[in-house]
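Biologist: I would like to learn how to read a protein model step by step. Could you take me through one, beginning with a stretch that a database has marked?

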Amino acid sequence: MVTKLFDLSGKTALVTGSSRGLGRAMAEGLAAAGAAIVLNGSDEERLAKAVAEMESAGYTVRASRFDVTDEKAIFEAFDVLDGQGTAIDILVNNAGIQFRRPMLELDTADWRRVVDTNLTSAFIIGREAARRMAQRGYGKIINIGSLTSELARATVAPYTVAKGGIKMLTKAMAAEWSELGIQANAIGPGYMLTDMNQALIDNPTFDAWVKGRTPARRWGRPDELAGTCVYLASAASDYVSGQIIYVDGGMISVL
Ligand code: NDP
């Protein structure tokens, strides 16, 4: 019998990069569906503010501050969660950065920084979460890709490579971990109204390009990712595995 498809009561979700932007909106969506939330970011003050705001909205939330590119810090964060008896049922690998520079002018260090933050972190945090989820035979992993999981765009080569990698990492996770009771899927957001895009939002030419090329004729709001995230975290998607769902106002269909 199908009941309470989207109920996340009793589940705990770790959302990386959730002090603001899309991660914060997805954390709020998961919390509204009943999950306890572990918020993450690298900036202490921003994270504390996000925790306080979500607590005052009545959600069960705590902070786990670590830099997603620091493997030792990731191990320590999971050790702390283990010590608290906190099992992560849902992991959203969302933390990411963008860096715009043509490849001919791109330093190797900047390439590595973007790939480490957007892709390698999802492998390391995914592996640490999955080792624990496997012991309980249950887990949901949601990796955040992008339109650039499908399309190359000029000046963002390492970002494009990382997000293309997210799509295939998700399929690799599904291939290896489904039999352990762990599902992995991805979300590919379109052009969304967040800090990451502020310079583009403020640029009238780019703003007009986004509105002209998106069938919905507008940028996406962060809260518009929450429903897809809740779906992929919930029993409603229990036989969905290795997929990437684009939440992009239709852009991927026409670009
Ligand atoms: P924002 O820049 O608004 O927020 C990024 C979040 O990630 C912040 O909470 C930030 O925390 C955190 N973060 C960044 N680097 C690290 C790090 N090294 N360790 C821990 N946390 C980190 O980005 P968005 O919300 O726009 O993007 C979220 C995700 O969605 C990214 O993966 C992005 O690539 C993807 N995406 C975004 C799109 C968009 O249009 N906005 C489109 C497609 C994909 P802190 O400030 O504390 O470091």
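**Reading the model**

Modeller: Over residues 11–150 the chain is 48% helix and 15% strand, and the end C-alpha atoms of that stretch lie 32 Å apart. Helices (H or I, at least four residues) and strands (E, at least two) are DSSP runs, numbered from the N terminus. The model is predicted, so local features need pLDDT of at least 70 and side-chain atom pairs count only at pLDDT 80 or more, while totals for chains, interfaces and linings use all residues. Residues are numbered from 1 along each chain as its sequence is written.

Biologist: Which feature does UniProt place at residues 11–150?

Modeller: The unreviewed UniProt entry places "domain: Ketoreductase" there; UniProt positions are given in the numbering used here, feature names are shortened, and annotations may be inferred rather than shown by experiment.

Biologist: How many helices and strands are there in the chain?

Modeller: The chain has nine helices and seven strands. Its radius of gyration is 17 Å, close to the 18 Å that the globule rule gives for 255 residues, so the chain is as compact as a globular protein of that length. The radius is taken over C-alpha atoms, and the rule is 2.2 Å times the number of residues to the power 0.38.

Biologist: Which residues come nearest to the ligand?

Modeller: A residue is near a molecule if its C-beta atom, placed from the backbone, lies within 6 Å of it. Of the 31 residues around the ligand, Gly17, Gly21, Gly41, Gly96 and Thr194 come nearest. The helix α1 gives the most to this shell, with three residues, and α1 (21–32) and α4 (108–136) each supply at least two.

Biologist: Is α1 itself mostly buried or exposed, and why?

Modeller: A residue is buried if 20 or more other C-beta atoms, placed from the backbone, lie within 10 Å of its own, exposed if 12 or fewer, and partly exposed in between. Eleven of the twelve residues of α1 are buried, so this helix is largely enclosed by the rest of the structure; among them are Gly21, Arg24 and Glu28. Just after α1, Gly34 takes a positive phi of about 115°.

Biologist: Where is the place of Leu151?

Modeller: Leu151 sits in the loop between β5 (139–144) and α5 (157–177). Leu151 counts as partly exposed because it has 13 C-beta neighbours inside 10 Å. The C-alpha atoms of Leu151 and Leu255 are separated by 8.6 Å, although the two residues are 104 apart along the chain.
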